[in-house]
Amino acid sequence: MSQMIANGEKLALLRGAQRVWAISSVHGEAERLRALHEAISRQFQPGDRLVYLGNILGHGPDVTDAVDEVLAFRRAVISAHGMFAADVVVLRGAQEEMWQKLLQLQLALNSGEVFDWMMEQGVGATLKSYGGDVSAGRVAARSGAAMCARWTASLRDQIHGRSGHTQLMSALRRAAVNLSPDGQPQLLFVNAGIDPQRPLEAQKDSFWWPPDQLETMEGPYGEYARIVAGYDRQMRGVTETPFTVSVDAGAGRGGALLATCVESTGALVKTLEA
């Protein structure tokens, strides 16, 4: 068994799942997420689990409201009879990874260039949603570590003002594994993909910026029946191969928000759209 699975520090473990609902990149689409949650709640069955495949933040119009909606639905799901906190997982996507780096921008060697790159990647939507100002951030990023640190500190204060947001961001996992009743890995859930040449504990940034498209994999990854990812740069909806499922129709970038229901065997049961 992978050391990453054994210690469980960066990886979520789903146990006893018959089916797993996986939600694609939300990208600040709070209204679409609310509608998707309503559709899932009508079809959620005993033994089901729920995974958000990262990128709750970024791009879209209502980032903070989207985080609030995740928190509210998570509370509703785990409060049901027989459900536990570990049955709902939120993964760290590229947007959350960049957001964390933005909050430590004063540590970057080339903070001005890093800031500009992040804004091009959609982080500006998250910044604005938390009450930050892109122009002020750009000035701070080019004015030395001390001023940059003051700016990031004020931004963290804004986040702390939103109930549960800091706690959610600190509890994000890099990937999730569905385990069979005897503890064997069945399904692997990630944000964008993996490097199939590396073991799970060595993936690092490959979860968010994989070297190739997921569907280029020519065989299974280790013991996993399937890998399920929630971000596709080409926004092609549901893309399946015998070994992978990619789920992203471009929410926050002009497209729909998707959720798929996957059986523990890897079979795709259904897809919902909002």
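The model is predicted: local features need pLDDT of at least 70, side-chain atom pairs count only at pLDDT 80 or more, and totals for chains, interfaces and linings use all residues. Residues are numbered from 1 along each chain as its sequence is written, and side-chain values use heavy atoms, without hydrogens and water.

**Whole chain**

The protein chain holds 9 helices and 11 strands (DSSP runs numbered from the N terminus: helices are H or I of at least four residues, strands E of at least two). Its radius of gyration agrees with a compact globule, because 274 residues would give near 19 Å and the chain has 18 Å. That radius is taken over C-alpha atoms, and the globule rule is 2.2 Å times the number of residues to the power 0.38.

| Property of the protein chain | Value |
|---|---|
| Accessible surface (Shrake-Rupley, 1.4 Å probe) | about 11900 Å² |
| Share of that surface from carbon and sulfur atoms | 49% |
| Residues that count as buried | 53% of 274 |

**T239**

T239 sits in strand β8, residues 237–240. T239 counts as buried because its relative accessibility is 16%; the cut-off is under 20% relative accessible area, with a 1.4 Å probe and protein chains only. Beyond neighbours within four places in sequence, T239 contacts E215, D232, T244, V245 and S246. V228 lies 11 residues from T239 along the chain, with 10.0 Å between their C-alpha atoms.

Conventions: Buried < 20%, exposed > 50% of the residue type's maximum accessible area, 1.4 Å probe, protein only. Contact = heavy atoms within 4.5 Å.
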